[in-house]
Amino acid sequence: MDRIIAPAQRFAGVVRLPGDKSISHRYAMLAALAEGPSSIQNFSTGADCHSTLGCLRALGVGITQSDATVRIEGVGLDGLRAPTGPLDAGNSGSTIRMLSGVLAAQPFTSEIAGDESLARRPMRRILDPLSQMGALIAARDGNFPPLRLSGGPLHGIDYALPVASAQVKTAILLAGLFASGETVIREPVQTRDHTEIALREMGGSIQVRQRVIQLQPRPRLRGRELAVPSDLSSAAFFLVAALLVPGSEVIVEGVGLNPTRSALLDLLASMGAQLKILEVREQAGELIGNLLVRYAPIRGGVIRGSQTAALIDEIPVLAVLGATSQTGLIIKDASELRVKETDRIATVADNLGRLGVTVKVAPDGLEIPGNQRFRAAELDSFGDHRIAMAFAVAALAADGPCVIHGAEAAAVSFPEFWDTVEKLRRS
């Protein structure tokens, strides 16, 4: 599907975005393993999170949905059933990586795979620790989906993550729920802690001290009422749009403000963004509030090291912002972008080039000079939801209408994206 995006004279309004994708995945998996029903409000509308629901249904979990509220009938740690066929994770790396931690402990054999894009994504980061816990997992070429998991008894491990990854951490924690003995994870830098918060809220025994996580096995998780904050990663597109188009002002309501996700706001503030956080409150251990952003000239900056890991999902749209900033943007230590839904270093550079932007490509990042303008162009999502949305934002600041080829890719995480853009775009 092609989508034509006309330039905006202003970008303004109040918007409430769909539920956080990361939290939705985790709430669904833990609710399935809990005893009793859970109701999850504002569940993500993205296709990835519905791939997780589809896999849980195939494992015998009762799930019903009404609008954005999902009800899950928890079966407890020992209640999952063998699926009748391969589990389909679709395009969702979160689904296959995190759910593998659960499947590795089951007393049955299961297979999980996904679409063509997912089949190219490496799984070694979860295979190594899960195998150390006693899991029997076969992967194509020892690294790629489909994964075949022959479940059985697991034991806890003391594992230092070689690379910061919240998905890998979650896979180990979910496996650790079923293991004999304590599971300990040591993080090189702190990653998003939604799993730890949700486990604690649902009755798990978990302690976190200075990036060391200790989980006790076999808790009685309890179903409960939950509500998912709006997705800060989705909000990033609208924050950047407001910073690109003069005269803009946007309020994003009910957005998740978890401190482990605050790197985006910290970076934007350091670049000169006019941001205000309004009406902060706590909900099931997660901080939530409203974000106000107004147009302001942006200085530019450098993203490297642990900051890169914290911003990995937002880098495509931040690269767009960097091209128009005063001093440009340098992105380093981002080789993980090479193995996302697309090679995001290559696809970001390709689309920036189509817009007339000069960019220097490195093996692990990009160097984007500032004070550049976007010309009207035909752009491509390359089947990647974040690329589609990032360059729709760029199109709002172009000198004429742009075409986004493969615009349907946005539905992976944000089906309402295009309607929301049109709601806020002022001609």
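Trainee: So, is glutamine 307 buried, partly exposed or exposed?

Mentor: Glutamine 307 is partly exposed, because its relative accessible area is 24%. Buried means under 20%, exposed over 50%, and partly exposed is in between, with a 1.4 Å probe and protein chains only.

Trainee: Before we go on, what should I know about the model and the numbering?

Mentor: This is a predicted model, where local features need pLDDT of at least 70 and side-chain atom pairs count only at pLDDT 80 or more, while totals for chains, interfaces and linings use all residues. Residues are numbered from 1 along each chain as its sequence is written, and side-chain values use heavy atoms, with hydrogens and water left out.

Trainee: OK, where does glutamine 307 sit?

Mentor: In helix H9, residues 305-310. Helices here are DSSP runs of H or I with at least four residues, strands are E runs of at least two, and both are numbered from the N terminus.

Trainee: And what is glutamine 307 in contact with, neighbours within four places aside?

Mentor: Leu267 and Val302. Contact means heavy atoms within 4.5 Å.

Trainee: How about asparagine 351, buried or exposed?

Mentor: Asparagine 351 counts as buried, because its relative accessibility is 0%. Asparagine 351 is in helix H11, residues 344-354. Skipping residues up to four places away in sequence, asparagine 351 touches Leu379, Asp380, Phe382, Ile387 and Phe391.

Trainee: Switching to strands: which residues are on the covered face of E13?

Mentor: Ile213 and Leu215 are on the covered face of E13 (residues 212-215), with Val212 and Gln214 on the uncovered one.

Trainee: What does E13 pair with?

Mentor: E11 (residues 183-186) pairs with E13 in the antiparallel sense over four bridges, and E12 (residues 206-209) pairs with E13 in the antiparallel sense over four bridges too. Two strands pair if DSSP finds at least two bridges between them. Valine 212 is the bridge partner of arginine 186 and also of arginine 209.

Trainee: Which residue takes a positive phi in the hairpin of E12 and E13?

Mentor: Glutamine 210, with phi near 50°; that hairpin has two residues between the strands.

Trainee: Zooming out, how many helices and strands are there in the protein?

Mentor: There are 13 helices and 24 strands. Of the 427 residues, 58% are buried. Among contacts with a separation of 6 or more, 75% come from residues 24 or more positions apart.
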